[in-house]
2 protein chains.
Amino acid sequence: MDFLEEPIPGVGTYDDFNTIDWVREKSRDRDRHREITNKSKESTWALIHSVSDAFSGWLLMLLIGLLSGSLAGLIDISAHWMTDLKEGICTGGFWFNHEHCCWNSEHVTFEDRDKCPEWNSWSQLIISTDEGAFAYIVNYFMYVLWALLFAFLAVSLVKVFAPYACGSGIPEIKTILSGFIIRGYLGKWTLVIKTITLVLAVSSGLSLGKEGPLVHVACCCGNILCHCFNKYRKNEAKRREVLSAAAAAGVSVAFGAPIGGVLFSLEEVSYYFPLKTLWRSFFAALVAAFTLRSINPFGNSRLVLFYVEFHTPWHLFELVPFILLGIFGGLWGALFIRTNIAWCRKRKTTQLGKYPVVEVLVVTAITAILAFPNEYTRMSTSELISELFNDCGLLDSSKLCDYENHFNTSKGGELPDRPAGMGVYSAMWQLALTLILKIVITIFTFGMKIPSGLFIPSMAVGAIAGRLLGVGMEQLAYYHHDWAIFNSWCSQGADCITPGLYAMVGAAACLGGVTRMTVSLVVIMFELTGGLEYIVPLMAAAMTSKWVADALGREGIYDAHIRLNGYPFLEAKEEFAHKTLAMDVMKPRRNDPLLTVLTQDSMTVEDVETIISETTYSGFPVVVSRESQRLVGFVLRRDLIISIENARKKQDGVVSTSIIYFTEHSPPMPPYTPPTLKLRNILDLSPFTVTDLTPMEIVVDIFRKLGLRQCLITHNGRLLGIITKKDVLKHIAQMANKDPDSILFN
Amino acid sequence: MDFLEEPIPGVGTYDDFNTIDWVREKSRDRDRHREITNKSKESTWALIHSVSDAFSGWLLMLLIGLLSGSLAGLIDISAHWMTDLKEGICTGGFWFNHEHCCWNSEHVTFEDRDKCPEWNSWSQLIISTDEGAFAYIVNYFMYVLWALLFAFLAVSLVKVFAPYACGSGIPEIKTILSGFIIRGYLGKWTLVIKTITLVLAVSSGLSLGKEGPLVHVACCCGNILCHCFNKYRKNEAKRREVLSAAAAAGVSVAFGAPIGGVLFSLEEVSYYFPLKTLWRSFFAALVAAFTLRSINPFGNSRLVLFYVEFHTPWHLFELVPFILLGIFGGLWGALFIRTNIAWCRKRKTTQLGKYPVVEVLVVTAITAILAFPNEYTRMSTSELISELFNDCGLLDSSKLCDYENHFNTSKGGELPDRPAGMGVYSAMWQLALTLILKIVITIFTFGMKIPSGLFIPSMAVGAIAGRLLGVGMEQLAYYHHDWAIFNSWCSQGADCITPGLYAMVGAAACLGGVTRMTVSLVVIMFELTGGLEYIVPLMAAAMTSKWVADALGREGIYDAHIRLNGYPFLEAKEEFAHKTLAMDVMKPRRNDPLLTVLTQDSMTVEDVETIISETTYSGFPVVVSRESQRLVGFVLRRDLIISIENARKKQDGVVSTSIIYFTEHSPPMPPYTPPTLKLRNILDLSPFTVTDLTPMEIVVDIFRKLGLRQCLITHNGRLLGIITKKDVLKHIAQMANKDPDSILFN
C-alpha cells in the first residue's frame with residue numbers, strides 16, 4: 001500500500017485565529033474540479049454529479065436568499081411587535097402589533113388611524129385610564145421596565161450562549177473574508193442567538209439598528225448552508241466566495257436594495273470578488289429581497305424601507321446646503337469614530353469591560369428615561385427616519401406637517417411652500433433634542449455586548465440635521481423669495497424646497513462619514529428611497545462627507561474596529577507609500593540568528609522535532625543544503641507535526657534517527673539503517689519568493705492580490721529570510737506611526 | 001557630474017504594440033508621489049503643487065465628463081438632423097430637424113404632430129407633391145442616395161485620415177486597458193474622424209449604433225486630456241485608470257446611465273480597477289450625463305434614451321415567456337458571434353478586405369433599398385426601440401397601438417387588454433420582416449471600416465422579438481382569460497400583459513447574449529428605462545441568455561474580436577483549468593539551446609551587443625555567473641540598447657572592450673584598461689520568479705493580477721528559463737485547442 005497517496009487527516013486544515021493560504025485553497029478547488037470533469041466522461045452517474053456540482057453554487061445562493069429573507073422578515077415582524085409592546089397591548093389578540101390591531105378594528109377613523117379601542121396602553125390596562133399625570137407615569141414606568149427587560153435578556157443570552165453574537169459583526173466578517181479563521185463566528189449558535197437578541201436589542205429602544213447584524217445573520221446562514229455542499233464545506237476560499245454573496249443578501253434584506261447590497265459587498269466587505277461571485281451575489285440578493293417582500297413585514301408590499309413619493313426637481317443653488325450637510329456628515333463621522341473607539345478601548349482596558357450586563361442596563365435605562373418624553377425619540381428609529389424623509393402631503397396630519405394653510409390652491413397633489421405652524425416649530429425643538437441625544441448615546445451604544453448596527457442611528461442623525469436645515473431653507477425661501485438666490489427659481493406660492501430631500505441627503509452624508517462608503521452608499525440610498533432623480537445631491541453630499549471625514553482620520557468605523565481588535569486585515573484601499581525594501585521587513589533581522597531552515601535530505605526526525613519544539617514559526621523553508629541556501633520548498637509546521645506523528649504511529653520502524661527526505665527519490669540505504677520518512681507530499685514546491693531589494697510596496701501588493709500567508713526572500717538566488725502577513729501588517733502600522741504590537745494574529 | 005543619476009531619455013518607455021509592465025509603472029508613480037509629498041514640506045509653492053497634484057485627477061475627470069458629454073450631445077443632434085435629411089428638409093431653416101421644424105410651426109395639430117407645411121419631403125421639393133407612386137419613387141431614390149453619400153463620406157474619411165476610427169473600438173480599448181500599447185488608437189485624429197464619421201454612419205441608416213463608438217470617443221477624450229497633466233501623461237498605468245473612468249463616462253452618455261456605465265467599465269472593459277477609480281469613474285459618468293442633459297439633445301430633458309412610463313406589476317407566470325426571450329437572446333448572441341466572426345475572418349483573409357469602400361457602399365445600398373418600404377426599418381433604430389418599449393396610452397396614435405376600443409372604461413390612465421385592430425396586425429408583419437432584416441444585415445455591418453456599435457442593433461432585435469411575443473401573450477390573455485394559467489390573475493377587461501415590458505426584456509436578453517454582460521446590463525436597462533420594478537424579469541432573461549449563449553460558445557463578441565485580431569489579452573473571467581506546470585511552458589524548451597543570460601560583471605559591451613543583435617528577446621536575465629546561474633535581476637532590451645548607445649556617445653572612452661557592470665560597486669581596475677560601463681540603474685532588481693514546479697494556473701493568476709510582462713523560472717535557486725505573457729497566452733490557446741499562433745503581439 002502506498003502510504004503517501006492517502007491524505008493524512010488534518011493536513012491542509014488551519015488552526016483557529018490563523019490566516020488561510022488563498023493560493024493553496026484555490027489550487028485545491030481547481031484540482032477537485034478537474035477530477036470531477038475528468039470523471040464525468042466515464043459514467044452517467046459521474047456526469048450527473050458533475051452537473052449537480054456545477055449548479056450547487058446557484059442552489060446554495062437560492063437557499064441563502066430564502067433563509068436570510070425569511071429570517072429578516074421574522075426579525076422585522078417580531079421587532080415591530082415587541083417595540084409596540086413597550087407602549088401597550090392589543091386586546092383583540094396579544095400577537096397583534098399596534099398597527100395590525102387597529103387595522104382589524106371597526107372603530108377607527110381616517111384622522112386617527114392609530115387610535116382604536118382594541119389597543120390598550122399599559123395605563124389603560126392597569127389603572128383603566130389614559131389621561132392625567134398618573135397614567136403618564138405608569139406608561140413611562142412600563143416603557144422603561146420593558147426596555148430594561150429586553151436589554152437584560154439580550155445581553156444575558158449573548159453572554160451565556162454566544163459571545164460572538166454581539167456588535168455589528170461587519171469588522172469580523174471583513175476580516176474573515178480576507179482569509180482569517182474565527183471558528184464559531186458564523187456558527188449555528190451565533191445565528192440563533194443573534195437573531196433572537198437582535199429582536200430584543202432593537203425592541204429595547206436602544207440607539208442601534210438591525211442592518212449591520214442582518215449582514216452577520218445572512219453570513220451565518222451562508223456558512224451553515226455551506227456544510228450541505230462538499231465543494232464549499234471543505235474549501236476555505238470557495239466558502240468565502242459564498243460569504244461575500246451572503247453579505248450582499250444581508251444588505252439586500254436590510255434595506256430592500258439588491259444592487260446596493262452587491263455593491264456594498266464589493267466595495268466594503270469583500271476581499272476576493274471574482275466576477276462569478278458578482279453575478280451570484282446579485283442572484284442571492286434578489287432572492288432574499290423577494291422572499292422578504294413576500295413576507296411583507298411592512299405591510300405596504302414595498303421592498304424598500306423608506307419609500308419617498310416626491311419627485312420634485314432640485315435646483316443647482318441647493319447644492320450649497322447639500323454640501324453643508326456633507327460637511328456635517330463628515331464631521332459627525334470623524335467625531336463618532338474617534339469617541340467610539342476611545343470608549344471601546346477604555347472598555348477593553350479597564351474594569352468596565354468586566355460588567356457588560358450592568359453597562360447595557362445602565363445605557364438602556366438612560367436611553368429609555370430620556371427617550372420617553374420626546375415623541376421622536378420614543379418612536380422606533382426607522383419610523384423616525386421614514387417620517388423625516390417624507391414630504392408633507394395634503395392629508396398628512398403629523399406635527400412635522402403642521403403648516404399654516406395659506407394657500408388652498410394645490411396643483412396636482414403638490415403643496416406650495418407655506419409658513420410653518422406651531423406644530424412645525426415644536427417639532428423642530430424636539431428634533432434638535434433628539435439629535436443631541438442620538439449623537440451622544442450612539443457613541444456609547446455601539447460596541448456593547450449586544451447586537452448593534454449603526455446604519456440606522458447614523459442615518460437618523462443625518463436625517464434630523466437634514467430636515468432641520470430643509471425646513472429652515474423652506475421658511476427662508478417662503479419669507480425671502482425676493483432674495484437674489486431665490487428669485488430666479490422660487491416664486492411665492494411655488495413648491496421650491498423639499499425638506500424630505502434634505503433629510504435624505506443628510507442621512508447619506510452621515511452614513512458616508514461613518515462608513516466611508518461611496519458608490520454603494522449612493523446606490524443604496526436611491527434604491528432605498530426609489531428616488532433616481534437625486535443622484536447628484538446624494539453624490540455631492542457623500543463625496544464631501546468622505547473628504548471631510550478622511551481629512552480628520554483615514555479609517556472608517558469598521559477598519560477602526562478591526563485595528564482595535566488586532567485582526568490581521570490587509571486593507572486593499574490604501575496604497576503603501578513608503579520607500580522601504582523587503583530586506584528591511586524580513587525576519588531574521590540583521591543581528592538575529594540565522595533563519596531556521598530544514599535541509600532536503602540530511603535531517604533526522606529528531607532534528608526536525610527539536611526545531612519544532614524550539615521555535616513557534618508556522619512554517620519552515622526547505623533548502624538543498626545549509627551551505628548553498630538554495631530554496632527547494634516550504635513546509636507548514638502543522639502539516640509537519642501531523643505527518644511525523646502519523647508516521648511514528650503507522651509506518652513501521654520510523655524512529656528518531658530516521659532521515660526525512662523532501663527529495664523526489666531517496667538514495668538507496670545501506671541495510672540496517674532505520675527506514676526513511678518521505679515527506680515530499682506535504683512540501684509546497686512553489687513557494688513565493690521575491691528578492692531582498694524588492695520595494696515593500698510591491699510586496700504589499702503581492703500579499704494583497706494573491707492572498708499570501710508568507711513570502712520568502714532571496715538574494716542572488718540564495719534564501720535570506722521570510723516575510724509573513726503579520727510582519728507586513730506590523731510594518732505598515734509602524735510606518736503609519738501606530739503601535740505595531742496591536743497586530744495580534746498571524 | 002554623476003552621469004547615472006540623470007535619466008536617459010527613452011529608458012522606461014515602450015515600443016508600439018507591446019505590453020506595459022504594470023508593476024514598474026505603478027512603482028514609478030509611487031516614487032513620483034513620494035517625491036512630491038516630501039518636497040511639499042519644504043515650501044509653500046511645493047505644497048500648492050502637491051495639493052494640485054492630488055486634485056488633478058478630479059479635475060481631469062471633470063474635463064472628461066464635460067468634453068465627452070458635449071461631444072455626445074453634438075453627435076446626437078447632428079445624427080438626428082442628418083437622419084431626417086434623408087427624408088426631407090425644413091424650409092423654415094435647413095438646420096432644423098423634422099421634429100424641431102414642426103415645433104416652430106403654427107399649423108400643427110396634436111393628432112398629426114409630425115406633419116407641418118414647413119417640413120418638405122424631397123418629392124415635395126422636387127416635384128411639388130407628396131402623393132402618388134412617382135413621389136414615392138423620388139423619395140425612395142433620395143433616401144438611398146443620401147444614405148450612400150453619408151456612407152461613402154464615412155468610409156473615405158476613415159480610410160484616408162484615421163484607420164483606427166472604424167469599428168466599435170471596445171475590443172481594442174479592452175486590450176489597451178489590459179496594458180497593451182497601440183499608438184494613435186486614442187489620438188486626436190481618431191477622435192475627430194470618429195466623431196464625424198460616427199454621425200455619418202448613423203445617419204446613413206445602416207444597422208449600427210453609436211453606443212460602442214461613443215465609448216471610444218470618450219476614451220480618446222480621456223487620453224488627449226491626460227496630456228495636460230504630468231501625472232498621467234508620463235505614466236501608462238495611471239493613464240489606464242483615467243481611461244477606465246472615461247469608458248464609464250462614454251457608456252453614461254451613450255445611455256444616460258451613469259451607474260450602469262461605471263459597472264460596465266468594471267465588468268466588461270477594465271482590467272485594473274482600484275476602488276479609487278470606481279469613485280472617480282462615477283464622478284466622470286455623472287458629469288458627462290449632466291452635461292448631456294443640459295444640452296438636451298432629445299428635447300425631453302430626460303437623461304435617458306428610452307423612458308418608459310408604465311409601472312404595472314408583472315406576474316410570476318410571465319417568467320416563462322421572459323425565459324423564452326432569454327433563450328432567444330442567447331441563441332441570437334451565439335449565432336451572431338459565430339457568423340460575424342466567420343465573416344470578419346473572411347474579410348481579413350480574402351480579397352474582400354481590400355475594398356472597404358465598395359463593401360460599405362454595397363451594404364448601405366442593400367440596407368437602404370430594403371429599409372425604405374417598411375416604416376419600422378426606415379425610422380432610426382433608437383426611435384424604433386423607443387416605440388417598442390412604450391406601452392400604448394389613450395392618446396397614442398401609432399399603428400402599434402391600434403387596438404379595437406371595446407372598453408372605454410379606463411381607470412387611472414391604464415388601459416385594459418383589448419383585441420388587436422388591423423393596425424396592430426399589419427405592424428406585427430412589418431416588425432417580423434424588420435426582425436429578419438436586422439438579424440441578417442447586422443452580421444455583415446459590424447466590423448466594416450466605419451464606426452459601428454452593436455448595442456442598438458442587438459437591442460432592436462430583442463425588442464422586436466419581445467414585442468411580438470408580448471402582443472401575442474396579450475391577445476392570448478384577452479381571448480382565453482379563462483385558461484388556467486390566466487384566470488387566477490387576469491380577468492377580462494383588466495390590464496394583465498404589458499407588451500412594452502416584453503420588448504424591454506427581449507432587448508436585455510439579446511444584448512446579454514452578444515456581450516455577455518450581466519449585472520451592468522440589468523443596471524443599464526433599468527436606468528435606461530427608469531423601471532426599477534422590473535429587476536427580476538430583466539435578470540431572469542439576462543441570466544438565461546448568458547447561460548444559453550455560454551453553452552454555445554464561451555466568448556462574448558468583444559473577446560471574439562480580440563482573439564480574431566491576435567491581441568495579447570489575458571482574460572480575467574475564465575479560470576485556467578489545466579494541470580500543466582511552469583516548466584512545460586517556459587522557454588527554452590527541453591531541447592532548445594540554453595537561456596540567453598548576461599553576467600553581472602564579466603561581459604564586455606561587444607559581448608552584449610552581439611547578444612542583442614543575435615536575438616530578438618525583449619529582455620535578458622542577469623546572473624552572478626554562468627556556472628552558478630544565480631539570478632541577480634532583469635534588464636530590458638530597449639533600455640540596454642538606449643543606455644549603451646548613450647554611453648558610447650557621451651561617456652568618455654566607453655569602447656567595445658569596456659566591461660559592463662551590473663553590480664553595485666565595480667572592482668578597482670588596473671590602469672590603461674578601458675573605462676567600465678555601470679548599468680545597475682537600468683537593472684530591475686526585483687524580477688518575479690516562480691519555481692519550475694509551480695502549476696500554470698498559479699502562474700496565470702500572477703500574470704493577471706500583477707500585470708506582468710514576464711516571469712523567470714527557477715529550480716532549487718538556479719535560473720532555468722523565462723515565461724512571457726505571449727507564452728502564457730499561446731499556452732492557453734493551445735490547451736483550449738485553438739491556434740497558438742493567433743497570438744501576434746507580446
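Entry 1, strands. I looked up strand β6 (residues 631-636) of chain A and found 6 of its 6 residues buried, that is, under 20% relative accessible area with a 1.4 Å probe on protein chains only. Strands here are DSSP runs of E of at least two residues, numbered from the N terminus. β5 (residues 619-623) of chain A pairs with β6(A) in the antiparallel sense over 5 bridges; pairing requires at least two DSSP bridges between two strands. In this pair, A:Val623 stands opposite A:Leu631 of β6(A).

The model is predicted: local features need pLDDT of at least 70, and side-chain atom pairs count only at pLDDT 80 or more, whereas totals for chains, interfaces and linings use all residues. Residues are numbered from 1 along each chain as its sequence is written, chains are lettered from A in the order in which they are written, and side-chain values use heavy atoms, without hydrogens and water.

I counted as a cavity a set of points on a 1 Å grid over the protein atoms alone where a 1.4 Å probe fits but cannot get out, with lining residues having an atom within 4 Å of a point. The largest cavity is lined by 13 residues, and A:Thr689, A:Thr714, B:Thr689, B:Thr714 and B:Gly717 lie nearest its centre. The elements giving two or more residues to this lining are β9 (689-691) of chain A and β9 (689-691) of chain B.

How values were computed: Buried means under 20% relative accessible area, exposed over 50%, partly exposed in between (1.4 Å probe, protein chains only). Helices (H or I, at least four residues) and strands (E, at least two) are DSSP runs, numbered from the N terminus. On a 1 Å grid over the protein atoms alone, a cavity is a set of points where a 1.4 Å probe fits but cannot get out, and a pocket is an open set with protein on both sides within 12 Å along at least five of seven lines; lining residues have an atom within 4 Å of a point.
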